Amino acid sequence: MAYTFVAERPEHAAGIERVLDRAFGPGRFAKTSERVRERGAVLEPSLTRLALNDAGEVVGVCRIWRVEAGAPLLFLGPLAVDPSEQSAGLGLSLVRESVAACRASGGSGIIVVGAERFFAPVGFAIVPPGRVTLPGPVDPARLLWLELRPGGLDKVQGEVGAVRGV
Ligand SMILES: CC(C)(COP(=O)(O)OP(=O)(O)OC[C@H]1O[C@@H](n2cnc3c(N)ncnc32)[C@H](O)[C@@H]1OP(=O)(O)O)[C@@H](O)C(=O)NCCC(=O)NCCS
């Protein structure tokens, strides 16, 4: 299957919802990452990447949000691949595409809640203890970040929240 990677546009909304519902199921809105998104994170459609199949249907999504934790930061998630397309490398490709867009845009760093084993090949590492908290419980072993340019994470400290002035 060949996929096309594109930035998010309004016409993709229904397709994105469908993939998120199918991939996450009913627990979708219970995650701590969802609390971050509710609390003033700003969606960046131009940095978000979607995978479209040959028919132009959304089969994967990797959303990117602007947040702050002492300094500006990007927040990755939700990441989801339609169950019919999982385990073929698409999830990791979506992360790579989004990270490349974030880096090209001049972003300083990206934070995500996820499995280190999955995100490590793209360069994500566990956030050192005491640096970052989220507005809800999170397993510290699943709190990961990626520096996009030298020193980009140096000033990141505290709870992840809304971008000031928004
Ligand atoms: C997680 C998800 C996006 C991965 O997409 P995918 O297209 O199946 O992933 P890939 O094929 O690129 O997988 C790459 C590698 O990650 C591994 N992997 C996949 N999901 C994983 C997970 N939850 N934890 C650890 N490793 C995982 C795969 O086994 C694979 O490794 P391998 O090649 O050594 O076997 C997809 O399974 C999904 O939508 N799951 C439900 C939603 C979810 O849990 N999202 C993640 C929130 S951070």
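Which residue in β5 does Cys62 stand opposite?

1. **Starting point.** Cys62 stands opposite Leu79 in β5. Keep in mind that this is a predicted model. The points below begin with the strands around this pair, then turn to the cysteines and to one arginine.

2. **The β4–β5 hairpin.** Strand β4 covers residues 58–68. It pairs with β5 in the antiparallel sense, over eight bridges. Three residues sit between the two strands of this hairpin. Look at Gly70 there: its phi is positive, near 80°.

3. **The other partner of β5.** β5 is also joined to strand β6, residues 109–113. Here the strands run parallel, and two bridges link them. Find Phe75 to see one of the pairings: its bridge partner in β6 is Ile111.

4. **From β5 to β6.** Follow the chain with helix α3, residues 90–104, in view. Together, β5, α3 and β6 make a β-α-β unit. The unit is right-handed.

5. **How enclosed is β5?** The strand spans residues 72–81. Eight of its ten residues are buried, so β5 is largely enclosed by the rest of the structure.

6. The structure holds zero disulfides.

7. **Where the cysteines sit.** Are Cys62 and Cys102 buried or exposed? Cys62 has 0% relative accessibility, so it counts as buried. Cys102 is also at 0%, and it too counts as buried.

8. **An arginine in a loop.** Arg28 lies in the loop between α1 (13–24) and α2 (32–38). Its relative accessibility is 9%. The cut-off for buried is under 20%, so Arg28 counts as buried.

9. **What surrounds Arg28?** The side chains of Arg28 and Glu17 are joined by a polar contact of 2.8 Å. Now leave aside the neighbours within four places in sequence. Arg28 is then in contact with Glu17, Leu20, Asp21 and Glu34.

Technical notes:
Residues are numbered from 1 along each chain as its sequence is written. This is a predicted model: local features need pLDDT of at least 70, side-chain atom pairs count only at pLDDT 80 or more; totals for chains, interfaces and linings use all residues. Side-chain values use heavy atoms; hydrogens and water are left out. A disulfide is a pair of cysteine sulfur atoms within 2.5 Å. Buried means under 20% relative accessible area, exposed over 50%, partly exposed in between (1.4 Å probe, protein chains only). Helices (H or I, at least four residues) and strands (E, at least two) are DSSP runs, numbered from the N terminus. A polar contact is a pair of N or O atoms within 3.5 Å; within protein, one must be able to donate a hydrogen and the other to accept it, and residues adjacent in sequence count only if both atoms are side-chain atoms. Contact means heavy atoms within 4.5 Å. Two strands pair if DSSP finds at least two bridges between them. A crossover is right-handed if, with the strands pointing away from the viewer, the path from the first strand over the helix to the second runs clockwise.
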